[in-house]
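The structure comes first, and the walk-through follows.

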Amino acid sequence: MNKVVLEDMAKLIKTPFTPLDIFKINETAVRLVKIKGRYHWHKHTNQDELFIVIRGEMDINLTDEVVHLKEGEGYIVKCGVMHQSYAENEALALMVEPQETLAQGD
């Protein structure tokens, strides 16, 4: 396996909210995603989802709060929790989740 440079991989992502699988380890995927604007509300019934911000800032809107993340910060959205990703300016984040997790939710 070759070394991965995240900023180089980010150049391959042309559309926000279109995750790119960077690594697959066991049953887990590490995905790189650009976040800009507002994604739709959704949930993952059986999977937790970890967001780690690499560049910029983003919000994870939950039904009862907003989690604001800056570079180097992360947050786990537990399974079954309605959420919406948002970034006013483009952010780059890693998502760590089971490989079968669908980006659009259940």
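Strands, labelled E, are DSSP runs of at least two residues, numbered from the N terminus. A lining residue has an atom within 4 Å of a point of the cavity. Please keep in mind that this is a predicted model.

**The cavity**

How many cavities of 30 Å³ or more does a search of the whole structure find? The search finds 1. About 100 Å³ of space lies in the largest cavity, and 12 residues line it. Phe17, Tyr39, Phe51, Ser85 and Met95 are the lining residues nearest its centre. By type, the lining consists of 8 nonpolar, 3 polar and 1 charged residues.

Which strands each supply at least two residues of this lining? They are E2 (28-38), E3 (49-55) and E7 (83-98). E7 gives the most, with 3 residues.

| Strand paired with E7 | Bridges | Direction | Residues standing opposite |
|---|---|---|---|
| E2 | 10 bridges | antiparallel | Lys34 and Leu92 |
| E3 | 5 bridges | antiparallel | Phe51 and Met95 |
| E4 (58-62) | 4 bridges | antiparallel | Leu62 and His83 |

Phe51 and Met95, which stand opposite each other, are both among the lining residues nearest the centre of the cavity.

**The loop between E2 and E3**

His42 lies in the loop between E2 and E3. Is His42 buried or exposed? His42 counts as buried because its relative accessible area is 5%, and the cut-off for buried is under 20%. The side chain of His42 makes a polar contact of 3.4 Å with the side chain of His44.

Definitions and conventions:
Residues numbered from 1 in each chain as written. Predicted model: local features only at pLDDT ≥ 70, side-chain atom pairs only at ≥ 80, totals over all residues. Heavy atoms only, no water. 1 Å grid on protein atoms, 1.4 Å probe; cavity = no way out; pocket = protein on both sides within 12 Å on 5 of 7 lines; lining within 4 Å. Points joined across faces, edges and corners; volume = space filled by probe spheres on them. Nonpolar A, V, L, I, M, F, W, Y, C, P; charged D, E, K, R; others polar. Buried < 20%, exposed > 50% of the residue type's maximum accessible area, 1.4 Å probe, protein only. Polar contact = N/O pair within 3.5 Å; in protein donor to acceptor, adjacent residues only side chain to side chain. Pairing = 2+ DSSP bridges.
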